Amino acid sequence: MDPLDAGTRYSPRAPADSDLGEHFLPASDSKKLEKHRKPTKKEGIGIGVGLLVMAVVLALITGLLVWHFHLRRAEKIKKKYNGSLKITNEPYLDDYEDPNSSAFQELADKVVLQLKSFYSKNPRVSKYYMGSSVLAFSDDLDENQENVVAYYRSEFEVSQGQESVVDGDLTIKEEPEQSKSRAFASPEENILKFENMVSGVEDSRLTKTFENPQKHSHHAQSGKNITLESPGFPDSPYPPNTFIEWELRADHGFRVMLSFLKFSLEEDCRKDFIKVYNSLAPIEEKALAEKCGSYYPNEPLTFVSSRNVMLLRLLTDQDKNFPGFRAVFTQIPKDLAACGGELTGLNGTFQTPNYPGYYPASIKCVWNIEVPVEKYVKVEFKTFDLSEPGVRRRECLKDYVELNDQKLCGSKLKTKVISSNSNTMRVSFRSDKSYVYQGFLAEFYAFEPSNPCPGTFKCFNNKCISPLLECDGWDDCEDNSDEKHCTCSDSQITCKNSLCKPKMWQCDGVDDCGDNTDEENCGQCKEEEFTCLNNHCVSNRKMCNGKDDCGDGSDELDCGGVSIVPCTSLTHRCKNDKCINKQNPECDGTEDCEDGSDEDNCACGKKPYKSSRIVGGTDTREGEWPWQVSLHVEPKGHVCGASVISNRWLVTAAHCVQDRDIRYSSPDVWDVYLGLHIQQVIGTGTVKRKLKQIIPHPKYNKETFDNDIALMELESAVPLNNNIWPICLPTASYKFPIGSSVWITGWGATREAGFLAHVLQKAEVRIINSTVCGKLMSDPITPQMLCAGVLSGGVDACQGDSGGPLSYLANNTRYYLAGVVSWGDGCAHRNKAGVYTRVTRFRRWIKELTGV
Ligand code: 4AZ
């Protein structure tokens, strides 16, 4: 817990009563209370002296005030500016790499002297200038002339209120390429010729002082990896208040390549972070990336410098220390990161340089695609991430791709397929000086203009899709063109906008048509009435009147603001047994209960890893679903799934633990695999455990599958980490909205009666209205069941997924166990749902037995 949250804030104690007496003023002298009378001569002198004393005191106070205000105005703020500049009239010496060499010292002294004279010429900043120091030198080849680049820090003590003036003068942006010839000093002898000065203010998170700041310098060697690690990695978490810099250099004509192999820092970049610079000075204009949180192991979090230098910084705050990182750095020839070129043939792929690592800064690539005459070109982006923060998508001012006079940027493309009206296409890509991303992977194809999608359906955006997907109610083209101009079949409704949607989707609470046609006239209530969640009708006037008019409390929800209301099944019960009318208030970052209990125990349900890639397909990545468990029974192997809810307890399906050919109800037949990704591959993050006990729900009904839930206690606790982490349990009143997306995961069969999956699979389905579901399924849907699926078929849980989680992502932050995989009519049939155990119905039972 954060120390601040723990309530250890400093609050001055009120003085004890016994002390108060000592501070009372003594009772007034009775003489002073006498009536006024004419003063005597002696008294007259006394008055004169008194007046004099008063005048002196007044003068003193005035002086003090003047001094005080003068001092206040003169209160100084320390500011540091980091910069780099090119020295064009000095040859580079290898000794410059060593800050202890006399060559370094000599040149550094000269640079410092000249910086002083540079600042002295600017009256706005000269009065605040405290001094400069050289951080490093590197070489820079420019039109065959070898220059020295100096990296420096200048310090100022600025009067309060003047910071912006100084900031304005000391934030110096890099000049555009064509106007780089300006010199800062006349090329007199013995005077260094400065060019291309870039400077910016130091990161505000570095204003505090660090006890033991460290700086390491490394020079790469071709074909050799140098390992960099955060302190203590991997055995212990990094220490608090750490500030480390790594200066990375490559040989002349090479680039630095830095790859993070393991990366796990605190989630919040304001607290702990790394920052990578395309320079040896930490200048914001040269920042390539700032990263925190965790990244998937072995994901290509790789950076490439523009020249032969790079700076890596690690900064941590006082609390919450994480494992840290392991990175390797090496040098690559400059042209290895080259890009663009001539692309010919009928199809092919191209990508941003260093893909799937991050592209370099300040790069321009042009691909000229030429397919055989009489054919046209189509480019499809398979992945795309040029997501500079703070840039509006339409503008694309920083990093972008340009094709057909159209600029693309950001991370979500509206159209992934772009085609030309000729046999050529020019694709260009540019990155600016700072902040780089993964870039893109694209494919080009030649197509026949008269028949662009032979044997398939042609979308308006030129994507080709299977003809079976036309008019199926799903936007497969991603521009809806496969769902337009359809003649709706008997099993479909015709939306006002002429789209066709399955009848099953009518009145399911989701606007499938896009114009709400499928959700109109669903309730029986009149216009001036409110439709309660239990389908009762109450007058609109009775909404939010503090009384439960519906009978289920739904007329008192969503009334704006949070208030204490009578408890119903729809309200949230706080720890103090008072109920509030906010839906799903738990762990949403706001304390809604008087006792704050809605924000207790919120460590669950967080996915450990961020992704630096756009995910597609159904294979999961290691650690993506850390609550997923594989339950094995020898000699069969994987039989069922389960979910971690604490370091000792799992939730699974009761039907998984019923005796059949094997005594499945007996704890000792089971082997539990936590943190598993691929069946039969016991990874470093995998833990195997035996069971202490199995508790199937006492009301489990093997005929109807009602109450299909069981608890499993592990023989011993497991360590919780990036690969094993509990999912949140929803409270009894938690609502999973109809139509919202939920994830199913498991190693179950990938088709009905098919084989089990090797790699843990995931699929996105939607929650389906129980009444609609009841009409679809062969057996009844009880209140203890929850339906989810994709009614067009093809996506579902299947044999072997049973007992596993149905995970719901709340507020884009944490996952809740909405359901336990229970049963279905086969797998993935059209107009069939998957049926799950509704976990909210068992919240109290779970708490009673496990304490979770
Ligand atoms: C099973 O046999 C099973 N389509 C689980 C889920 C579903 C079907 C079968 C849902 O474990």
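Modeller: A polar contact here is a pair of N or O atoms within 3.5 Å; within protein, one atom must be able to donate a hydrogen and the other to accept it, and residues adjacent in sequence count only if both atoms are side-chain atoms. This is a predicted model, in which local features need pLDDT of at least 70 and side-chain atom pairs count only at pLDDT 80 or more, while totals for chains, interfaces and linings use all residues. Residues are numbered from 1 along each chain as its sequence is written, and side-chain values use heavy atoms, with hydrogens and water left out.

Biologist: Which residues does UniProt list for "binding site", and why can they be said to gather at one spot?

Modeller: The record is an unreviewed entry, and it lists Asp399, Asp432 and Ser434; such annotations may be inferred rather than shown by experiment, and the positions are given in the numbering used here, with feature names shortened. These residues span 36 residues in sequence, yet they gather at one spot, because no two of their C-alpha atoms are more than 9.3 Å apart.

Biologist: Is Asp399 buried or exposed, and which residue does its side chain join in a polar contact?

Modeller: Asp399 lies in the loop between β18 (376-385) and β19 (400-403), where strands (E, at least two residues) and helices (H or I, at least four) are DSSP runs numbered from the N terminus. Buried means under 20% relative accessible area, exposed over 50%, and partly exposed in between, with a 1.4 Å probe and protein chains only. At a relative accessible area of 3%, Asp399 is buried. A polar contact of 2.6 Å joins its side chain to that of Tyr359.

Biologist: In which loop is Ser434 found?

Modeller: Ser434 also counts as buried, at 10% relative accessibility. Its loop is the one between β22 (424-430) and β23 (439-447).

Biologist: With which side chain does the side chain of Lys79 make a polar contact?

Modeller: Lys79 sits in strand β1 (residues 76-87) and counts as buried at 16% relative accessibility. Leaving out residues up to four places away in sequence, Lys79 touches several others, including Glu155, Glu163 and Asp167, where contact means heavy atoms within 4.5 Å. The polar contact, at 3.4 Å, is with the side chain of Asp167.

Biologist: What distance separates the C-alpha atoms of Thr207 and Lys78?

Modeller: Thr207 belongs to the loop between β4 (194-201) and β5 (214-219), and with a relative accessible area of 65% this residue is exposed. Although Thr207 and Lys78 are 129 residues apart along the chain, their C-alpha atoms are separated by 8.6 Å.
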